[in-house]
Amino acid sequence: MEFASYLAGEPWSDHPACTHPLLAGVARDVNDCTSDAGRTRLAPLIPSVIGLTPDDPHVVPRVTARCIQHALPVVSQERQYILAVALLVGERQLALLDGRPLDDLEPESRDVLESVPAATKWARSFTSRAHRGTPDFARRTAPRAVSCAVEGISQACVPNPDERLFDLLTAAIEETKRWVPAPVERSVRQEVVPFTV
């Protein structure tokens, strides 16, 4: 993210304004949890995060969901419980935004939750209880869930954690791109200049 700030002409920072804050967090976490050997593969992705600053409210829950979907099947059981709760909470936010029933899940989220039935059962019970206050999903829950997902993959008993982290980051970038508004096309009026000899 520091190199992205440099390429974007911003002051040197790992929190550049040229990238959506949650996506920048995903990139920082992936960079920190990737091995030295795998980190060089991340460099070509740097230009692809520049200019991704959509403000659509779907971005945070959708990017969070993509990260959790990559992590949930392979992380430790303790992390599965945490991530299942975050996924259900984010899915409820998406349902509210889209005017769907609160228990209506995206197919990818439904599939990954079915792959961890014990964690899903506990998470459904936990999220159905009344809780004091409303957690700030965008500022607190989502960044923590993303970090939990990334760290969980890096510590999982899988043969290819760097590959999985690369795929997670790529999916987060692609999801963020989906919510960048299309550029407004301007019609250019062409003046007809008489041709004289």
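**Helices, burial and aromatic pairs**

Helix α2 (residues 21-33) has 13 residues and reaches 18 Å from its first C-alpha to its last, close to the 18 Å expected at 1.5 Å a residue. The expected span is 1.5 Å times one less than the number of residues, and helices (H or I, at least four residues) and strands (E, at least two) are DSSP runs numbered from the N terminus. The model is predicted: local features need pLDDT of at least 70, side-chain atom pairs count only at pLDDT 80 or more, and totals for chains, interfaces and linings use all residues. Residues are numbered from 1 along each chain as its sequence is written, and side-chain values use heavy atoms, with hydrogens and water left out.

Q: Which elements make up the secondary structure of the protein?
A: The protein has ten helices and zero strands. From the N terminus on, the order is α-α-α-α-α-α-α-α-α-α.

Q: How many disulfides does the structure hold?
A: A disulfide is a covalent bond between the sulfur atoms of two cysteines. The criterion applied is a pair of cysteine sulfur atoms within 2.5 Å, and the structure holds zero disulfides.

Q: Which residues of α2 are buried, and what covers them?
A: The buried residues of α2 are Leu-22, Leu-23, Ala-24, Gly-25, Val-26, Ala-27, Arg-28, Asp-29 and Val-30. Their cover includes α4 (46-49), α5 (59-71), α9 (137-155) and α10 (161-177).

Q: What makes Val-60 buried or exposed?
A: Val-60, in helix α5, has 13% relative accessibility and therefore counts as buried.

Q: Which residues is Val-60 in contact with, leaving aside its neighbours within four places in sequence?
A: Contact means heavy atoms within 4.5 Å. With those neighbours left aside, Val-60 is in contact with His-20, Leu-22, Phe-137, Ala-138 and Ala-142. Val-60 and Thr-176 are 8.7 Å apart in space, C-alpha to C-alpha, and 116 residues apart in sequence.

Q: How many aromatic pairs are there under the ring rule?
A: A pair of aromatic rings is described by the distance of the centres and the angle of the planes. Rings of Phe, Tyr and Trp (its six-membered ring) pair if their centres lie within 6.5 Å; planes under 30 degrees apart count as stacked, over 60 as edge-to-face and the rest as tilted. By this rule the count comes to two aromatic pairs.

Q: Why is the pair of Tyr-81 and Trp-122 called tilted?
A: The ring centres of Tyr-81 and Trp-122 are 5.4 Å apart and the planes stand at 55°, so the pair is tilted. This pair links distant parts of the chain, with Tyr-81 in helix α6 (residues 77-98) and Trp-122 in helix α8 (residues 117-128), 41 residues apart. Tyr-81, at 22% relative accessibility, counts as partly exposed, and Trp-122, at 36%, is partly exposed.

Q: Why is the pair of Trp-122 and Phe-126 called stacked?
A: The centres of these rings are 5.2 Å apart and the planes lie at 15°, so Trp-122 and Phe-126 are stacked. Trp-122 and Phe-126 are separated by about one helical turn because they are four residues apart in helix α8. Tyr-81, Trp-122 and Phe-126 form one aromatic cluster.

Q: How do you know that the buried residues of α8 line one face of the helix?
A: In α8, Ala-119, Thr-120, Ala-123 and Thr-127 are buried. Seen down the axis of α8, the buried residues fall within an arc of 95°, so they line one face; the arc is that of the directions from the helix axis to the C-beta atoms. The face turned away from the buried side carries the exposed residues Pro-117, Lys-121 and Ser-128.

Note on methods
Buried means under 20% relative accessible area, exposed over 50%, partly exposed in between (1.4 Å probe, protein chains only).
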